[in-house]
Amino acid sequence: IGECPYNNFCDFETPDLCGYTIAEPDQGLGWEQEQSTDDQSSDHTLGHSLGHYMVANSLTPHIQGRSARLFTHQYTEQNICVRFWYKLIGDVEFNIRTLSVGNFLSPPYFTAKVQRGYDWSFGQVTIDSMEAYQVVFETVDPGIELEGQLILDDIYINVNKKCDPLAYCDFENGDMCGYHHNTRFSDFNWVMLSGELGSSQNDWDVPKVDNTLGTAKGSFLYLHMTQNRNERERCIIESEIVPESLGVLCLQLYLNI
């Protein structure tokens, strides 16, 4: 008996928007739930034209600083990890901030301004607050005569947990931690396997243990090079965006060749 608990995952496939609320449109700029028009613009959840997502468009006339905001329900946990998929097309700014005690805390926890095109990009950010707050997904009009669009889908919010380090992945949670295939420039794909497969068959030269756990239960990405591959064919995976402001970073990985 009582109110149903909020779902900390939202794919925007239902009219209730998982309890998210949309701020009153600011002079025509606002979020809308939309459905894919074709498989080329498919949503992230279903991957085809029946899927839904949230869209905010930069509209004319342009007014600098005009914003559209999408709000979650209120959280009281000090730490949450917000994971999401988005498309940033054209000229528009995407921020994630919090609303607490009637004030938008600044600076934003997450900002993206770079044109990313029509492929889905992964993002994640840790929210750390001592006060109750709502998470706010915000798009801002830059005030210039260029069109822009922000598309948002599949938001995961893990409470009482900080996000993993930027671009980190051990492939042990059944997903690729936001790493994704670049379908435009890849001729074939990496596959996620485990040492159990390596122990059970001989067709592929698959490792029998992974590097993380050191057992057959561990997972890893595998690239199968066959004699049917043509010269210069390639397979590309991309991480989430690494902000330029972070400066020089160290990339460490383990290979089995």
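Biologist: Is Arg229 buried, partly exposed or exposed?

Modeller: Start with the basis. This is a predicted model, where local features need pLDDT of at least 70, side-chain atom pairs count only at pLDDT 80 or more, and totals for chains, interfaces and linings use all residues. Residues are numbered from 1 along each chain as its sequence is written, and side-chain values use heavy atoms, with hydrogens and water left out. Now the classes: buried is under 20% relative accessible area, exposed is over 50%, and partly exposed is in between (1.4 Å probe, protein chains only). Arg229 has 31% relative accessibility, so it counts as partly exposed.

Biologist: Where is Arg229 found?

Modeller: Strands (E, at least two residues) are DSSP runs, numbered from the N terminus. Arg229 sits in the loop between strand E14 (219-222) and strand E15 (237-238).

Biologist: Which residues is Arg229 in contact with, leaving aside neighbours within four places in sequence?

Modeller: Contact means heavy atoms within 4.5 Å. Arg229 is in contact with Phe188 and His224. Phe188 is 41 residues away from Arg229 along the chain, and their C-alpha atoms are separated by 9.3 Å.

Biologist: On to the cysteines. How many disulfides does the count come to?

Modeller: The rule is geometric: a pair of cysteine sulfur atoms within 2.5 Å is a disulfide. The count comes to 3. Counting bonded cysteines along the chain, the pattern is 1-2, 3-4, 5-6.

Biologist: What is the handedness of the disulfide of Cys10 and Cys18?

Modeller: Read the torsion about the S-S bond. For Cys10 and Cys18 it is about 85°, so this disulfide is right-handed. The S to S distance is 2.0 Å. Both Cys10 and Cys18 are buried.

Biologist: Which parts does the pair Cys81 and Cys163 tie together?

Modeller: First the bond: Cys81 joins Cys163 with S to S at 2.1 Å. The link is right-handed, with 105° about the S-S bond. Cys81 lies in strand E6 (residues 79-90) and Cys163 in the loop between strand E11 (148-159) and strand E12 (180-181), so the pair ties together parts 82 residues apart in sequence. Cys81 and Cys163 are buried.

Biologist: Which cysteine is joined to Cys169?

Modeller: Cys177, with S to S at 2.1 Å. The torsion is about 60°, so the disulfide of Cys169 and Cys177 is right-handed. Cys169 counts as buried at 16% relative accessibility, as does Cys177 at 11%.

Biologist: Is Cys250 buried or exposed?

Modeller: Cys250 is exposed, with a relative accessible area of 73%. Cys235, at 14%, is buried.

Definitions and conventions:
Helices (H or I, at least four residues) and strands (E, at least two) are DSSP runs, numbered from the N terminus.
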